Structures are given as C-alpha cells and as structure tokens.
Amino acid sequence: MEKTAVELFAGVGGFRVGLNDVTSFDEHGRAIEKGPWKFVWANQWEPATKEQHAFDCYVLRFGKEESSNVDISLVDKKSIPVHTLLTGGFPCQDYSVARSLHDEKGIEGKKGVLWWQINDIIKAKKPPFVLLENVDRLLKAPARQRGQAFGIILRCFCDAGYGVQWRVINAADYGHPQRRRRTFIFAFHKDTKYYDDFMTISGNGPEKVIVEDMMFSKPFPCKVKDGEALKEGMVSKKEYKTLPDVSEHFSFPFQGAGYCLNYEIKTIRVDAIYQGKVKTLGECLDVDHVPDYCYKVDVEKFKYLKGAKHILRTAANGHEYYYSEGPIAFPDYLNQPSRTMLTSEGTTNRSSHFILDPKSNRYRILTPVECERLDEFPDDWTNTGMPPKRRYFIAGNALVTGLIKSMGQAIESIVDSEN
Ligand SMILES: C[S@@+](CC[C@H](N)C(=O)[O-])C[C@H]1O[C@@H](n2cnc3c(N)ncnc32)[C@H](O)[C@@H]1O
C-alpha cells in the first residue's frame, strides 16, 4: 500500500502541511515536504468569491499539476486518482434526506451539502483510509434531532464497508496554541488488515478500546471521564431500513470519543491526559513586524463588544426581550492558548482577538502571521498577494496542523503494517 493521499476542501492545505510536516518553503514559495505522503489530487473551490485566494495559495505552495479548482459537485468522482488516504475538512450542514420515489436515490440530488460529495468519492474510489475534520457540534446536530447528522454519516460509512472511529479534540488540551475543538473522523475499509485487527481488539471491552486502541489513542492520550458510562446504539438496516428512515428517526447521544463497527455504535466521554508544555498566544506574537493597520482599532468599541450586556431589544413582531451575554477577556490573555479563531478574525467583532502588545504597550488586533502561528502553519504561508482580510478569513477556516501531524504518524504506522 502506497502512502498516497487526496485533500478535499483543501483550503490552504492544512492536512498536507500536517501530514508532510511542512515547516518552511523555498525561495520560489514551494513547500518543503518532509513527510512521506504523495498527494495525488487536491480540490479547493471557494463558492463565495470570484477570486480563488486559497486555491492560488495552495498552487504556489504545492504546484498546480494535481490541484483542481472546480466545485467538487461537478467532478466526476471516478476520475479522481486512486489513493490510500482521503482527507478533508467539511462543514456541518443539514444532512437530512428526503424520501423519494426511488428511496436512497433521492439524496444524490441534495445540492450544496458537501457530505454527499465525500460519500460519492468513498463509494467510487473506496480509499482504504479516510480522515475528516468537522466542528465539534457535528455530533449533536441538529438541535431538533440530536445525533441525526452523525448517524447519517456513520450509516453511509457502514453501507460503504467501513469501520469508523472519532474523537473530539481541543488542540490546546495537547499543548497547541489555540483552543479549537474539532471532531476528527477516521474510517477504515473492510479490506484492510487494520479493520480485521480492530474487529478482533474490539472484543476486549469498548471503554478500553476507545481509550487505548483507536488510531487517536496514542497521539492523544485520554481517560474515561469520571462517572461516565458507555452508550451503545445501532444504525443498521434492521432498525432503519433506508437512509431516509435514519434521517427521520435516528437520534443518539454521541459523546466525544467512540467507534462504529458493523453498524454498532459505542461511545463515551473522555478527558485528555497531557502533562507536556503548553504553547501560549504570547509565544505566537510577532511584535517586531506589526503592520500599522493592526493598531488602527476602535479600542472603546472592542471594550464594549467584549463586555457584559443586558439590553432590551424589540423583535420584528414587536415583542420586547432582554439580550444578555457575559464578558470575555479584554484584552486577550497572552499567557494562555488563544480562543478559537473564526473566519471573522481581524474584524471589529467580539470574537476577534484583541491584545495589548507587550512591546509597544498599545492595543491591537493580531497580525496575519500570528494567526498562521495559532494554526501552526509556516510564517507567511498565506502571504501570496491576497488582501489581509482574506488571510484572516482563511486562518479562521484552517486546521491546527500539529494535530494532523500527530495523527499522520499514527496513520503512517497503520499503513506500514498493511504491507
Ligand atoms: C473548512 S475549510 C477547509 C480548510 C482547510 N482544511 C485548510 O486547512 O485550509 C472548507 C473549504 O472548502 C471549500 N469549499 C466550499 N465549498 C466547496 C465546493 N463546493 N467545492 C470545493 N471546495 C469547496 C471552501 O472554500 C473552504 O476553503
């Protein structure tokens, strides 16, 4: 089995940077890839803008040969090169499936819901391994039917012949400089030795398996949260004849760690175990290279946005209500990991980081390079001619690449054992 990979929804290449341990680029801007993964195809297309800044950055760093800049829904899935590992970060959307005359066929037409694109690729290419990233609330979505979205994903994977493991990981719990909680999904095809091995191991008791034997276990040590009990469920054809049945009726309290084998779900809450060094926001600052615009901030506005509020508002129907929110740090603490960066980072917004620069002793927003550091990309990775506001947006969309580097090492040894 070769270490070949595909990166979907590639953005500026967070999976590739992590898996191939990219820490710098050469004088032509080309990434220096130290890891073993050969990326045979990558796809990135930004629907909201004409300019394709993220894709242009990807091409500068990794070359244009295997890079595709079209809406993934227009790609003939069979034309994607054969690969061992499919990677991608996709949004949490409404995965509900409408019943149609031809039952499951109806789902194919759901436009804009990117999970179905991933599902089509999985069915067409059957990659032995899949590594996906989503927001933490994926496991609980949607509010009206908790767990339905993830249930649909698990059912699709099982129907396609895969076992699935997942972990919700907060990067800061393992020493990374950003408190960013994301759901990571690792799927493995029935034809792999890993599937057989995991099937055998799973006889040892699910709690032990979740803590000790998943792909995530070694890079991200954890223990069962005190007082928590295992939750078990099923998403098979016996309980839910078709995918629309899953969509209509499935609900389940998915916890932060678990696996699904042969439609059987085991899940439990876990706590991270980590005693190593913790990287802070302060350590990611670049105080000698702060562009002027970072200081052009409305300090009073930021103070107000971040403060506690209890405001009387009037709804469209005339109903009056109080809108309340608690205070958040003003300015942000430099001796802790940062908060989660959002795509609105750098704008005058409650969630943008706002710091007191320790060198100039003046208030400011973060620089794009500082944001890259919080995602653990090389400095100036996105300094490819795009406006700063796009660099902030892209940073808010990207991965903490150090997590992927750690997962990559675990996946490498799994792939090595296949040979
Ligand atoms: C959450 S971001 C992934 C970021 C990436 N992991 C990184 O490290 O930069 C999702 C990406 O999917 C892209 N995207 C959205 N819709 C798409 C579509 N229909 N086809 C291809 N890419 C799409 C967005 O432009 C965005 O860059």
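How many residues of domain 1 are in contact with how many residues of domain 2? In this predicted model, 14 residues of domain 1 are in contact with 12 residues of domain 2, contact meaning heavy atoms within 4.5 Å.

Local features here need pLDDT of at least 70 and side-chain atom pairs count only at pLDDT 80 or more, while totals for chains, interfaces and linings use all residues. Residues are numbered from 1 along each chain as its sequence is written, and side-chain values use heavy atoms, with hydrogens and water left out.

The chain is divided into domain 1, covering 4–275 + 400–418, and domain 2, covering 282–377; these bounds come from an automatic or database domain assignment. Their C-alpha centres lie 31 Å apart.

I turn now to the ligand. There are 18 residues around the ligand, of which V12, Q44, W45, E46 and D71 come nearest; a residue counts as near if one of its heavy atoms lies within 4 Å. By class, this shell holds 9 nonpolar, 7 polar and 2 charged residues, with Asp, Glu, Lys and Arg counted as charged and Gly among the polar ones.

Next, the individual atom pairs. A backbone N or O atom of G14 lies 3.0 Å from a ligand oxygen atom. For W45, a backbone N or O atom is 3.0 Å from a nitrogen atom of the ligand. D71 places a polar side-chain atom 2.9 Å from a ligand nitrogen atom. On its own the ligand has 600 Å² of accessible area, and the protein covers 89% of that, by the Shrake-Rupley method with a 1.4 Å probe.

Technical notes. Polar contact = N/O pair within 3.5 Å; in protein donor to acceptor, adjacent residues only side chain to side chain.
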